[in-house]
Amino acid sequence: MTTYYQPDEHQLCQDREQSLFSRLPTFIANAQRHSPYYQKLLANINASTINSRVELAQLPITRKSDLIALQKRQPPLAGINTSNGQVSRIFQSPGPIYDPESCQDDWWRMGQAFYAAGFVAGDLVQNCLSYHLTPGGFILDSGARACGCIVIPAGPGQTEQQLDIIEDLKPQGYCGTPSFLNILINKAKAQNRDISSLKKALVTGEALPKALRDEFTQAGINVLQAYASADVGLIGYESVADEGLIISENIIVEIVRPGSLEPVADGEIGEVVVTSFNADYPLIRFATGDLSALKPGQSACGRSNMRIKGWLGRADQTTKVKGMFVHPEQIERVRLSTNYCPKVRLTVTQQDHQDKMHLQCEFDDNNLVDTELLLSQLSNDLKKLTKLNGSVELVALDSLPDDGKVIDDKRVVV
């Protein structure tokens, strides 16, 4: 096993910066020529002048939260995909937001993260992200196979069957959310099942609290994180636990003051904004909605790219629950599914490292309505629209805070 997945992972920082920004004018010009969305958005931009971070910072930002409305106006992909590009699959993420894939090897660039987490050719990997409609399973699948691994496309849930597979096939690795890995470990302990073959894991989709990582270490599993999105692919990854996320090669990352175009000072918390050199689905100054900050210095592993401190919250009320984005628009659609709830609020908490959703709905007791049926309808609509289970409660009129919040994320990552 060589030290790096790609030889340029340890190049001089100034060489990487020069390489990226020398490619940027041609990339932007191609997007202007072949992407209807960027043809309009960047109509007055001279691409040849965009060759530095200062110049890039003058361009408009496209926010992930805007994709819902943009795609409704111009389905399926808002015209962002290029006319000369290739789209092989279209996925639906919560929102809904539609995400493309081209069936090229490691299209989402995840191999780099698997390699840094210790995965090597011949490893058997149990992939527990969903392959159904959402792209998570395919993203991890492609990255593991790029390292020469053999993938078990297990998907989430069905813990009994998952444990059977681990005992029968003895995979060396796991990939998926940290919470589901925790479920498997606890279930195996309770049932005296042997999952000792698992020695390494790449987790994504959720924050990884230090306490949970410590539990994984005690179970004999070395767990590292990858930070990716369905739109961009890999953004950052760990090579050393708790030492920040190394930015993926071949993308440009800025940390921008939320609601503005302006990058923040080094070390200051802001929104993660990515420019991805993807000829099929170009994303130029794409605001992820995630908050982070630059971490000073370089990784002890020798990889020289900039690092960020990991996930530090959301720039808007959109949040991620069990690896799935939940948008305020979805919760509003739940409210509008009845005529009896003038205000609702979704609270997200965590119990035993498991995400929990609780929807409170203001309700007038004077309404002659079967409340059990109403609760059942709201619960079903919540699951239908978010693809997640949550509890529902009717509360008195005017009892919810009047602070504009639709989603209140009370989880604390420590």
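Residues are numbered from 1 along each chain as its sequence is written. In this predicted model, local features need pLDDT of at least 70 and side-chain atom pairs count only at pLDDT 80 or more.

Trainee: How are helix 7 and helix 8 oriented to each other?
Mentor: Two packed helices are described by the angle between their axes and the distance between the axes. For helix 7 (residues 159-169) and helix 8 (residues 178-191) the axes lie 10 Å apart, at about 80 degrees. Angles of 65 to 115 degrees count as roughly perpendicular. The two helices are therefore roughly perpendicular.

Trainee: Which residues of helix 7 are buried, and on which side or sides?
Mentor: Buried means under 20% relative accessible area (1.4 Å probe, protein chains only). Thr-159, Gln-162, Leu-163 and Ile-166 are buried in helix 7. They cover an arc of only 95 degrees around the axis, taken from the directions from the helix axis to the C-beta atoms, so they sit on the same side of helix 7.

Trainee: What covers the buried residues of helix 7?
Mentor: Contact means heavy atoms within 4.5 Å. Among the residues that meet helix 8 are Leu-163 and Ile-166 of helix 7. The cover includes helix 8 and strand 4 (124-127).

Trainee: Which residue in strand 12 stands opposite Glu-254?
Mentor: Both faces of strand 11 (residues 251-256) are covered, and Glu-254 is buried on one of them with Ile-252 and Val-256. Strand 11 pairs with strand 12 (residues 270-276) in the antiparallel sense over six bridges; pairing takes at least two DSSP bridges. Opposite Glu-254 stands Val-273.

Methods
Side-chain values use heavy atoms; hydrogens and water are left out. Axes are lines fitted to C-alpha atoms, for helices over the stretch in contact, and angles run from 0 to 180 degrees between N-to-C directions. Helices (H or I, at least four residues) and strands (E, at least two) are DSSP runs, numbered from the N terminus. Angles under 35 degrees count as roughly parallel, over 145 as roughly antiparallel, 65 to 115 as roughly perpendicular and the rest as oblique. Buried means under 20% relative accessible area, exposed over 50%, partly exposed in between (1.4 Å probe, protein chains only).
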